[in-house]
Amino acid sequence: MKDEELDEMMNSVSLLFRWELLVGERYGIKAAVRAERRRLEEDDSRNRHLVSGYAIDSLSQEEEQEKEVAGSGGGGTWEVVVVGGRKKQRRRKSEKKVVVEVDHGDELEGGGGDVDGDGGYERQREHPFIVTEPGEAARGKKNGLDYLFHLYEQCRELLIQVQNIAKERGEKCPTKVTNQVFRYAKKVGASYINKPKMRHYVHCYALQCLDEDTSNALRRSFKERGENVGAWRQACYKPLVAIAARQGWDIDAIFNAHPRLAIWYVPTKLRQLCHAERNGATAVPAVSSSVSAKTDHVTF
């Protein structure tokens, strides 16, 4: 309401109720209306600023994602879908899926790569670690293997916290690192601890716990040769299979007997390798015994 309209309104009120407004009262009414007008204008400008900032953020996000697609060589296209007044981005699946391996020394293990419904694999992320010797600090944006093993110790502490909370609430306590622990890690701000990454290197941590000397020697040799972390990860399977062979091939019992490994599930790939080696070891004596029996029969 403008000042002229305020004057007309106050004159009408004076004539209608037959009482005259004092100069101070007129000034107070005008000051109150001006203050309310100023507040509404500030709210309006603030809302316009937020809307423009959200639009700018959305445009910058679109540009960054388009750059990622162009840099990764992906065949999909990006489209913008408006749902409830907000812009959401989704990537259309290409008709032909192509397997893109960032690291040739690494295979797609259960939970390691994203599998879609058509049976194709999405592009794997680059390894966030580099091979480092024991006690060596990593350089650049990637972390060393000491930091990787420290994450498993941190997972153990988070599991203990989850167990204490469950006991206080009278709920069922998890005995192993499950999705509940990863959700709790995200809740307390440790989002860098996630299920795919921790399950991907759990057998490397197992070798560090069961045979630290062999693990350190393996790290030094791969560091000297300049191998990537994917090749080092694959090499960690063989010593674990040898450990399982010396203890009756029961890899689950080996994990459960160790205080730091008991909270982790045995990787599927490690269990398959142990099973294959055990079958191969039992098949060799059977073949040799049959050959010797045939030879004795011919000699006789």
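# Angles, burial and contacts in a predicted model

Guide: In this protein, residues 24 or more positions apart account for 54% of the contacts with a separation of 6 or more, a contact being a pair with heavy atoms within 4.5 Å. The model is a predicted one, in which local features need pLDDT of at least 70 and side-chain atom pairs count only at pLDDT 80 or more, while totals for chains, interfaces and linings use all residues. Residues are numbered from 1 along each chain as its sequence is written, and side-chain values use heavy atoms, with hydrogens and water left out.

Visitor: Why is helix 3 called roughly perpendicular to helix 4?

Guide: Helix 3 (residues 145–169) and helix 4 (residues 179–187) pack at an angle of about 100 degrees, their axes lying 9 Å apart. Axes are lines fitted to C-alpha atoms, for helices over the stretch in contact, and angles run from 0 to 180 degrees between N-to-C directions. Under 35 degrees a pair counts as roughly parallel, over 145 as roughly antiparallel, from 65 to 115 as roughly perpendicular, and otherwise as oblique; the helix 3 and helix 4 pair is therefore roughly perpendicular.

Visitor: Which residues make the contact between helix 3 and helix 4?

Guide: Helix 3 contributes Cys155, Leu158, Leu159, Gln161, Val162 and Ile165, and helix 4 contributes Gln180, Val181, Tyr184 and Ala185. By class, eight of these residues are nonpolar, two are polar and none is charged, where Ala, Val, Leu, Ile, Met, Phe, Trp, Tyr, Cys and Pro count as nonpolar, Asp, Glu, Lys and Arg as charged, and the others, Gly among them, as polar.

Visitor: What makes helix 6 oblique to helix 7?

Guide: The axes of helix 6 (residues 202–210) and helix 7 (residues 212–225) come within 5 Å and cross at roughly 125 degrees, and it is this angle that makes helix 6 oblique to helix 7. In the contact, Leu207, Gln208 and Leu210 of helix 6 meet Glu212, Ser215, Asn216, Leu218 and Arg219 of helix 7, and the residues divide into three nonpolar, three polar and two charged.

Visitor: How is helix 6 placed against helix 3?

Guide: Helix 3 and helix 6 pack at about 90 degrees with their axes 10 Å apart, which means that helix 3 is roughly perpendicular to helix 6. Phe149, Tyr152 and Glu153 of helix 3 and Val202, Cys204, Tyr205 and Gln208 of helix 6 make the contact, giving five nonpolar residues, one polar and one charged.

Visitor: How do you know that helix 6 is mostly covered?

Guide: Eight of the nine residues of helix 6 are buried, namely Val202, His203, Cys204, Tyr205, Ala206, Leu207, Gln208 and Cys209. Buried means under 20% relative accessible area, exposed means over 50%, and partly exposed is in between, with a 1.4 Å probe and protein chains only. The buried residues of helix 6 pack against helix 3, helix 5 (195–200), helix 7, helix 8 (229–235), helix 9 and helix 10 (251–257), whereas 28% of the 300 residues of the protein count as buried.

Visitor: Why does Ile193 count as buried?

Guide: Ile193, in the loop between helix 4 and helix 5, has a relative accessibility of 2% and therefore counts as buried. Leaving aside neighbours within four places in sequence, Ile193 is in contact with Leu151, Gln154, Cys155, Leu158, Phe182, Ala185 and Met198. The C-alpha atoms of Ile193 and Leu151, which are 42 residues apart along the chain, are separated by 7.1 Å.

Visitor: Why is Pro128 called partly exposed?

Guide: The relative accessible area of Pro128 is 35%, and Pro128 is therefore partly exposed. Pro128 is found in the loop between strand 2 (86–91) and helix 3, and, not counting residues up to four places away in sequence, it touches Lys142, Asn143, Lys197 and Tyr201.

Visitor: What is the phi of Trp249?

Guide: Trp249, in the loop between helix 9 and helix 10, has a phi near 65 degrees, a positive value in a residue other than glycine. Most residues other than glycine have a negative phi. Gly248, which follows helix 9, also has a positive phi, near 75 degrees.

Key. Helices (H or I, at least four residues) and strands (E, at least two) are DSSP runs, numbered from the N terminus.
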